[in-house]
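Subject: Structure handover

Hello,

Here is the structure I said I would pass on. Please look it over first; my notes on it follow below.

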Amino acid sequence: MSSSLTFYQAGEGWIHRLNPVTKLAFVVSVTVAAFGAEDLWWPAALFVLLEVPGALAAGVFGRFVKLVFGFFAPFLVILFLIQGLTFPDPGTVLAEFGPLAVKTEGLLFAGTTALRLLVMVGAFILLLLTTHPGTLMTAMSQAGLPPKIAYVVSATLQIIPAFQERANAILQAQQARGFDIGAGGALARGRRLIPLMGPLLLGALTEVENRSLAMESRAFGASVHPTAYTIVPDSTAQRAARWIMILLAIAAIVLNTLGVL
(Lines give C-alpha, C1' and ligand atoms only; values in the text may rest on other atoms or scores of the structure.)
Protein backbone atom coordinates (compact mmCIF):
# COMPACT_ATOMS: atom_id res chain seq x y z
CA MET A 1 0.00 0.00 0.00
CA SER A 2 1.35 3.40 -0.92
CA SER A 3 2.44 5.41 2.12
CA SER A 4 0.74 8.47 0.59
CA LEU A 5 -2.63 6.76 1.15
CA THR A 6 -1.98 6.39 4.85
CA PHE A 7 -0.93 8.53 7.80
CA TYR A 8 1.73 5.98 8.75
CA GLN A 9 5.16 7.41 9.56
CA ALA A 10 7.90 4.79 9.81
CA GLY A 11 9.87 4.62 13.05
CA GLU A 12 11.83 2.30 15.31
CA GLY A 13 10.59 3.50 18.72
CA TRP A 14 8.87 1.29 21.28
CA ILE A 15 5.45 2.67 20.40
CA HIS A 16 5.94 1.64 16.77
CA ARG A 17 6.93 -1.86 17.95
CA LEU A 18 3.84 -2.35 20.10
CA ASN A 19 1.30 -4.85 18.86
CA PRO A 20 -1.40 -2.87 16.98
CA VAL A 21 -4.12 -4.54 19.06
CA THR A 22 -2.52 -3.02 22.17
CA LYS A 23 -2.66 0.42 20.55
CA LEU A 24 -6.24 -0.21 19.47
CA ALA A 25 -7.12 -1.15 23.06
CA PHE A 26 -5.53 2.15 24.17
CA VAL A 27 -7.69 4.07 21.67
CA VAL A 28 -10.89 2.42 22.92
CA SER A 29 -9.96 2.74 26.60
CA VAL A 30 -8.90 6.38 26.52
CA THR A 31 -12.01 7.32 24.49
CA VAL A 32 -14.34 5.52 26.91
CA ALA A 33 -12.54 7.14 29.85
CA ALA A 34 -12.85 10.61 28.26
CA PHE A 35 -16.59 10.24 27.75
CA GLY A 36 -17.06 8.46 31.09
CA ALA A 37 -16.39 11.51 33.28
CA GLU A 38 -18.18 14.86 33.28
CA ASP A 39 -15.45 17.15 34.62
CA LEU A 40 -13.74 19.47 32.15
CA TRP A 41 -10.24 18.69 33.42
CA TRP A 42 -10.48 14.91 32.96
CA PRO A 43 -10.31 14.67 29.12
CA ALA A 44 -7.76 17.51 29.10
CA ALA A 45 -5.56 15.49 31.48
CA LEU A 46 -5.88 12.38 29.30
CA PHE A 47 -4.76 14.31 26.22
CA VAL A 48 -1.87 16.15 27.88
CA LEU A 49 -0.57 13.30 30.07
CA LEU A 50 -1.04 10.33 27.71
CA GLU A 51 -1.35 11.32 24.06
CA VAL A 52 1.09 14.23 23.83
CA PRO A 53 3.93 12.25 25.54
CA GLY A 54 3.03 9.28 23.32
CA ALA A 55 3.44 11.37 20.18
CA LEU A 56 6.75 12.78 21.47
CA ALA A 57 8.07 9.31 22.34
CA ALA A 58 7.10 7.99 18.90
CA GLY A 59 8.82 10.88 17.13
CA VAL A 60 5.64 11.94 15.32
CA PHE A 61 4.72 15.02 17.39
CA GLY A 62 4.86 17.50 14.49
CA ARG A 63 2.51 15.53 12.23
CA PHE A 64 0.37 14.60 15.25
CA VAL A 65 -0.31 18.26 16.09
CA LYS A 66 -0.84 19.20 12.42
CA LEU A 67 -3.30 16.36 11.73
CA VAL A 68 -5.22 16.55 15.02
CA PHE A 69 -5.85 20.28 14.92
CA GLY A 70 -6.24 20.30 11.13
CA PHE A 71 -9.19 17.91 11.44
CA PHE A 72 -10.43 19.25 14.74
CA ALA A 73 -10.39 23.04 14.22
CA PRO A 74 -13.49 23.24 11.93
CA PHE A 75 -15.53 21.06 14.31
CA LEU A 76 -14.32 23.17 17.25
CA VAL A 77 -15.59 26.40 15.67
CA ILE A 78 -18.96 24.86 14.75
CA LEU A 79 -19.34 23.30 18.20
CA PHE A 80 -18.74 26.56 20.08
CA LEU A 81 -20.99 28.52 17.72
CA ILE A 82 -23.89 26.08 18.10
CA GLN A 83 -23.61 25.32 21.80
CA GLY A 84 -22.45 28.81 22.79
CA LEU A 85 -25.34 30.60 21.06
CA THR A 86 -28.19 28.07 21.21
CA PHE A 87 -27.77 26.25 24.55
CA PRO A 88 -31.41 25.42 25.43
CA ASP A 89 -31.27 25.22 29.25
CA PRO A 90 -31.48 28.35 31.44
CA GLY A 91 -28.17 29.72 32.68
CA THR A 92 -25.92 32.73 33.14
CA VAL A 93 -26.13 34.99 30.07
CA LEU A 94 -22.79 36.56 29.10
CA ALA A 95 -23.93 38.35 25.93
CA GLU A 96 -27.04 38.61 23.75
CA PHE A 97 -27.32 38.91 19.96
CA GLY A 98 -31.03 39.34 19.26
CA PRO A 99 -32.75 35.98 19.89
CA LEU A 100 -29.39 34.31 20.56
CA ALA A 101 -27.54 34.38 23.88
CA VAL A 102 -24.08 33.25 24.94
CA LYS A 103 -24.39 31.33 28.23
CA THR A 104 -21.69 30.13 30.60
CA GLU A 105 -23.27 26.68 30.75
CA GLY A 106 -23.27 26.44 26.94
CA LEU A 107 -19.58 27.32 26.74
CA LEU A 108 -18.73 24.76 29.44
CA PHE A 109 -20.73 22.07 27.63
CA ALA A 110 -19.02 22.95 24.34
CA GLY A 111 -15.60 22.90 26.02
CA THR A 112 -16.18 19.49 27.63
CA THR A 113 -17.48 17.99 24.39
CA ALA A 114 -14.58 19.48 22.44
CA LEU A 115 -11.99 18.02 24.81
CA ARG A 116 -13.64 14.58 24.66
CA LEU A 117 -13.57 14.65 20.86
CA LEU A 118 -9.96 15.90 20.99
CA VAL A 119 -8.98 12.83 23.04
CA MET A 120 -10.76 10.47 20.61
CA VAL A 121 -9.30 12.08 17.46
CA GLY A 122 -5.83 12.30 19.01
CA ALA A 123 -5.84 8.61 19.98
CA PHE A 124 -6.87 7.51 16.49
CA ILE A 125 -4.30 9.80 14.82
CA LEU A 126 -1.54 8.43 17.09
CA LEU A 127 -2.58 4.88 16.16
CA LEU A 128 -2.53 5.65 12.44
CA LEU A 129 0.81 7.49 12.59
CA THR A 130 2.59 4.59 14.32
CA THR A 131 0.87 1.55 12.75
CA HIS A 132 1.09 0.29 9.18
CA PRO A 133 -2.40 -0.67 7.88
CA GLY A 134 -1.26 -4.14 6.80
CA THR A 135 0.25 -4.82 10.23
CA LEU A 136 -2.94 -3.65 11.92
CA MET A 137 -5.12 -6.01 9.88
CA THR A 138 -2.73 -8.95 10.41
CA ALA A 139 -2.59 -8.32 14.16
CA MET A 140 -6.39 -8.17 14.44
CA SER A 141 -6.69 -11.46 12.52
CA GLN A 142 -4.06 -13.08 14.75
CA ALA A 143 -5.98 -11.87 17.81
CA GLY A 144 -8.98 -13.90 16.64
CA LEU A 145 -11.05 -11.15 15.03
CA PRO A 146 -13.01 -12.39 11.96
CA PRO A 147 -11.25 -11.25 8.74
CA LYS A 148 -14.32 -9.32 7.52
CA ILE A 149 -14.52 -7.28 10.73
CA ALA A 150 -10.74 -6.74 10.70
CA TYR A 151 -10.98 -5.46 7.13
CA VAL A 152 -13.87 -3.12 7.98
CA VAL A 153 -11.95 -1.64 10.93
CA SER A 154 -8.74 -1.24 8.90
CA ALA A 155 -10.53 0.24 5.86
CA THR A 156 -12.50 2.69 8.05
CA LEU A 157 -9.33 3.97 9.67
CA GLN A 158 -7.77 4.58 6.23
CA ILE A 159 -10.74 6.26 4.59
CA ILE A 160 -9.70 9.82 5.51
CA PRO A 161 -6.11 9.71 4.14
CA ALA A 162 -7.36 7.88 1.01
CA PHE A 163 -10.01 10.57 0.38
CA GLN A 164 -7.46 13.31 1.09
CA GLU A 165 -4.98 11.86 -1.41
CA ARG A 166 -7.65 11.43 -4.08
CA ALA A 167 -8.96 14.99 -3.54
CA ASN A 168 -5.43 16.40 -3.87
CA ALA A 169 -4.88 14.46 -7.12
CA ILE A 170 -8.16 15.77 -8.59
CA LEU A 171 -7.37 19.31 -7.49
CA GLN A 172 -3.90 19.20 -9.05
CA ALA A 173 -5.35 17.83 -12.30
CA GLN A 174 -7.91 20.65 -12.42
CA GLN A 175 -5.27 23.29 -11.66
CA ALA A 176 -3.09 21.88 -14.48
CA ARG A 177 -6.01 22.65 -16.82
CA GLY A 178 -6.14 26.30 -15.66
CA PHE A 179 -8.65 25.96 -12.83
CA ASP A 180 -7.81 28.74 -10.29
CA ILE A 181 -9.05 27.54 -6.93
CA GLY A 182 -7.48 30.39 -4.94
CA ALA A 183 -9.14 33.37 -6.65
CA GLY A 184 -11.93 35.32 -4.95
CA GLY A 185 -13.25 35.19 -1.40
CA ALA A 186 -14.02 32.22 0.80
CA LEU A 187 -17.54 31.81 -0.64
CA ALA A 188 -16.24 31.85 -4.23
CA ARG A 189 -13.55 29.29 -3.38
CA GLY A 190 -16.17 27.11 -1.73
CA ARG A 191 -18.35 27.18 -4.86
CA ARG A 192 -15.38 26.12 -7.00
CA LEU A 193 -14.92 23.01 -4.85
CA ILE A 194 -18.42 21.70 -5.65
CA PRO A 195 -17.49 20.39 -9.17
CA LEU A 196 -14.69 18.37 -7.56
CA MET A 197 -17.19 16.28 -5.59
CA GLY A 198 -18.36 14.31 -8.64
CA PRO A 199 -14.92 12.88 -9.60
CA LEU A 200 -14.16 12.32 -5.92
CA LEU A 201 -17.28 10.20 -5.32
CA LEU A 202 -16.97 8.34 -8.62
CA GLY A 203 -13.33 7.56 -7.81
CA ALA A 204 -14.37 6.22 -4.40
CA LEU A 205 -16.98 3.92 -5.98
CA THR A 206 -14.43 2.68 -8.53
CA GLU A 207 -11.98 1.93 -5.73
CA VAL A 208 -14.64 -0.09 -3.89
CA GLU A 209 -15.17 -2.21 -7.00
CA ASN A 210 -11.42 -2.70 -7.50
CA ARG A 211 -10.98 -3.70 -3.88
CA SER A 212 -13.83 -6.19 -4.00
CA LEU A 213 -12.37 -7.80 -7.17
CA ALA A 214 -8.90 -7.99 -5.60
CA MET A 215 -10.28 -9.50 -2.39
CA GLU A 216 -12.37 -12.04 -4.30
CA SER A 217 -9.36 -13.11 -6.37
CA ARG A 218 -7.45 -13.76 -3.13
CA ALA A 219 -10.26 -15.90 -1.66
CA PHE A 220 -11.10 -13.34 1.03
CA GLY A 221 -13.75 -14.75 3.36
CA ALA A 222 -13.04 -18.39 2.46
CA SER A 223 -13.90 -20.94 5.14
CA VAL A 224 -10.31 -22.27 5.15
CA HIS A 225 -8.24 -20.30 7.67
CA PRO A 226 -5.41 -18.59 5.72
CA THR A 227 -1.81 -18.56 6.90
CA ALA A 228 -0.20 -15.19 7.61
CA TYR A 229 2.72 -13.93 5.54
CA THR A 230 4.11 -12.10 8.57
CA ILE A 231 3.68 -12.74 12.30
CA VAL A 232 3.09 -9.64 14.42
CA PRO A 233 4.94 -9.99 17.75
CA ASP A 234 2.83 -10.07 20.91
CA SER A 235 3.67 -10.76 24.54
CA THR A 236 2.05 -11.69 27.83
CA ALA A 237 2.84 -8.21 29.18
CA GLN A 238 0.97 -6.56 26.30
CA ARG A 239 -2.02 -8.88 26.68
CA ALA A 240 -2.12 -8.00 30.38
CA ALA A 241 -1.77 -4.29 29.56
CA ARG A 242 -4.77 -4.48 27.24
CA TRP A 243 -6.96 -5.91 29.99
CA ILE A 244 -5.66 -3.34 32.50
CA MET A 245 -6.50 -0.45 30.14
CA ILE A 246 -10.02 -1.79 29.59
CA LEU A 247 -10.55 -2.24 33.34
CA LEU A 248 -9.27 1.30 34.03
CA ALA A 249 -11.74 2.69 31.48
CA ILE A 250 -14.59 0.81 33.19
CA ALA A 251 -13.32 2.06 36.57
CA ALA A 252 -13.50 5.65 35.29
CA ILE A 253 -17.17 5.15 34.38
CA VAL A 254 -17.94 3.57 37.77
CA LEU A 255 -16.15 6.35 39.67
CA ASN A 256 -18.03 8.97 37.68
CA THR A 257 -21.33 7.21 38.44
CA LEU A 258 -20.45 7.22 42.16
CA GLY A 259 -19.60 10.94 41.97
CA VAL A 260 -15.85 10.57 42.58
CA LEU A 261 -14.75 11.96 39.18
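The domain bounds come from an automatic or database domain assignment. Between the C-alpha centres of domain 1 and domain 2 the distance is 27 Å.

Before the rest, some conventions. This is a predicted model, in which local features need pLDDT of at least 70 and side-chain atom pairs count only at pLDDT 80 or more, while totals for chains, interfaces and linings use all residues. Residues are numbered from 1 along each chain as its sequence is written, and side-chain values use heavy atoms, with hydrogens and water left out.

The pocket

A pocket here is an open set of points on a 1 Å grid over the protein atoms alone, where a 1.4 Å probe fits and protein lies on both sides within 12 Å along at least five of seven lines; lining residues have an atom within 4 Å of a point. The second largest pocket holds about 340 Å³ of space, the volume being the space filled by probe spheres set on the points, which are joined across faces, edges and corners. Its lining has 13 residues, and those nearest the centre are Phe 71, Val 121, Phe 124, Ile 125 and Ile 160. Two or more lining residues come from each of α4 (61-86), α5 and α7 (147-157). Helix α5 gives the largest share, six residues. Helices are DSSP runs of H or I, at least four residues, and strands are runs of E, at least two, numbered from the N terminus. By type, the lining has 12 nonpolar residues, one polar and no charged. Ala, Val, Leu, Ile, Met, Phe, Trp, Tyr, Cys and Pro count as nonpolar, Asp, Glu, Lys and Arg as charged, and the others, Gly among them, as polar.

Two residues

Thr 112 sits in helix α5 (residues 104-130). Thr 112 counts as buried because its relative accessibility is 11% (buried is under 20% relative accessible area, exposed over 50%, partly exposed in between, with a 1.4 Å probe and protein chains only). Not counting residues up to four places away in sequence, Thr 112 touches Glu 38 and Leu 40, where contact means heavy atoms within 4.5 Å.

Ile 253 belongs to helix α10 (residues 236-257). Ile 253 is at 35% relative accessibility and therefore counts as partly exposed. Leaving aside neighbours within four places in sequence, Ile 253 contacts Val 32 and Gly 36.

Regards
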